[in-house]
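Here are my notes for anyone opening this one for the first time. Have the structure on screen and take the points in order.

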Amino acid sequence: MARASSAAATVAFIWALALLAAAASAARLPGRAVEGAQPRGSGGPTATAVFALGSFWRSEAAFGCLPGVVRTSVGYAGGSKANPEYRNLADHAECVKVEYNPRLIQYKQLLDVFWASHDPREVFGQGPDVGNQYRSVIFTNGTLEARLAGLSKEREQGKDRSSVITTEIHPVGAFYPAEPEHQKFELKRKPFLVQLIGNLPEEELQSSTLAAKLNAYAADLCPPKTQKRISSKIDEIAKKGWPILRDI
Ligand SMILES: *[C@@H]1O[C@H](CO)[C@@H](O)[C@H](O)[C@H]1NC(C)=O
């Protein structure tokens, strides 16, 4: 029984990846060569961005629905403690790592989402989440990212000079992945949705583009039109009695 459902999950996963890969390749410009090794389902080489903007449960969901985002995961960065844990993260911040296809979405757009998804003027936390672990940080990789991050911060500060943008900009150092129970947290809060994509094993859930999107959907953080489209797709599946969501 367990074996059969795990096989079904694998089939569903492969289907979802195949459909996502097809969608990504359809979105590519015709005649463009694809260079480098291809991570599964990404439709091209990927880049990585790391941000801290409050609780990483919500941060992961804030980026998961963006077209061009291939994978999301949460972890700890920005501190000095080796191997931090959720209950003992010391000077680290809760972070989201966003893996994206730079042909489909640019770092600048990720920065826009970063600013729009939290209040960078709040000191020592975000809303009910109080503490240094919820501070606002852009972790940059290279001078171009650092420049873009700096410019975007200046622009954000320029919108209102009556309070200070607290966001720090640091070169990215070690990123420690968080414990499995914190990955795709919003999605796991809705077991029905996890079931819909075939109860993927943890490892596959963490690397799945579909799961990243559904994690955003579960937190109501996809654009309203997309929320609607996914809802009706789920209703359709529920009506048909076909239990596997393959693509959204
Ligand atoms: C930084 O970017 C380079 C490519 O420009 C990449 O090879 C490297 O893995 C990146 N480092 C991190 C920590 O993301």
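Predicted model: local features only at pLDDT ≥ 70, side-chain atom pairs only at ≥ 80, totals over all residues.

What covers the buried residues of helix 2? The cover includes strand 1 (47–53), strand 2 (69–77) and strand 3 (93–100), along with helix 3, helix 5 (185–188) and helix 8 (209–218). Keep that helix in view, as several points below come back to it.

1. The protein has nine helices and eight strands. Of its 248 residues, 40% are buried. If you look at the contacts with a separation of 6 or more, 71% of them are between residues 24 or more positions apart.

2. Back to helix 2, which runs over residues 56–64. Nine of its nine residues are buried, so this helix is largely enclosed by the rest of the structure. The buried set takes in Phe56, Trp57 and Phe63, but also Arg58 and Glu60. Ser59, Ala61, Ala62 and Gly64 are buried as well.

3. Now look at how helix 2 sits against helix 8, one of the elements covering it. Their axes come within 7 Å and cross at roughly 115°. The two helices are therefore roughly perpendicular to each other, given that 65 to 115 degrees is the range for that label. The crossing is left-handed. On the helix 2 side, Glu60, Ala61 and Gly64 make the contact, and they meet Ala212, Lys213, Asn215 and Ala216 of helix 8. Sorted by class, that contact has three nonpolar, two polar and two charged residues.

4. Helix 3 brings Tyr107, Lys108, Leu111 and Trp115 to the contact, while helix 4 brings Glu145, Leu148, Ala149, Ser152 and Glu156. By class, the contact has five nonpolar, one polar and three charged residues.

5. Which residues are around the ligand? They are Thr48, Asn141, Gly142 and Val172. This shell has three polar residues, one nonpolar residue and no charged ones.

6. Is Val137 buried or exposed? Val137 is buried, because it has 23 C-beta neighbours inside 10 Å and 20 or more is enough to qualify. Leaving aside neighbours within four places in sequence, Val137 is in contact with Ala52, Gly78 and Ala93, and also with Thr167, Glu168 and His170. Between Val137 and Ala77, 60 residues apart in sequence, the C-alpha to C-alpha distance is 9.6 Å.

7. Most residues other than glycine have a negative phi. Lys184 has a positive one, near 50°. Asp220 does too, at about 60°, although it is not a glycine. Where are they? Lys184 is found in the loop between strand 8 (176–177) and helix 5, and Asp220 lies in the loop between helix 8 and helix 9. Lys184 is buried, with 29 other C-beta atoms within 10 Å. Asp220 counts as exposed, with 10 C-beta neighbours inside 10 Å.

8. Finally, follow Asp220 to one of its contacts, Gln227. Gln227 lies in helix 9 (residues 224–240). Gln227 is partly exposed, because 15 other C-beta atoms lie within 10 Å, which falls between the 12 or fewer of an exposed residue and the 20 or more of a buried one. Beyond its neighbours within four places in sequence, Gln227 is in contact with Tyr217 and Cys222 as well as Asp220. The C-alpha atoms of Gln227 and Tyr217 are separated by 6.2 Å, and these two residues are 10 apart along the chain.

Methods:
Residues numbered from 1 in each chain as written. Near = placed C-beta within 6 Å. Nonpolar A, V, L, I, M, F, W, Y, C, P; charged D, E, K, R; others polar. Contact = placed C-beta atoms within 7 Å. Helix = DSSP H or I, 4+ residues; strand = E, 2+ residues; numbered from the N terminus. Axes fitted to C-alpha atoms, helices over the stretch in contact; angles between N-to-C directions. Parallel < 35°, antiparallel > 145°, perpendicular 65-115°, else oblique. Left-handed = near helix turned anticlockwise from the far one by under 90°.
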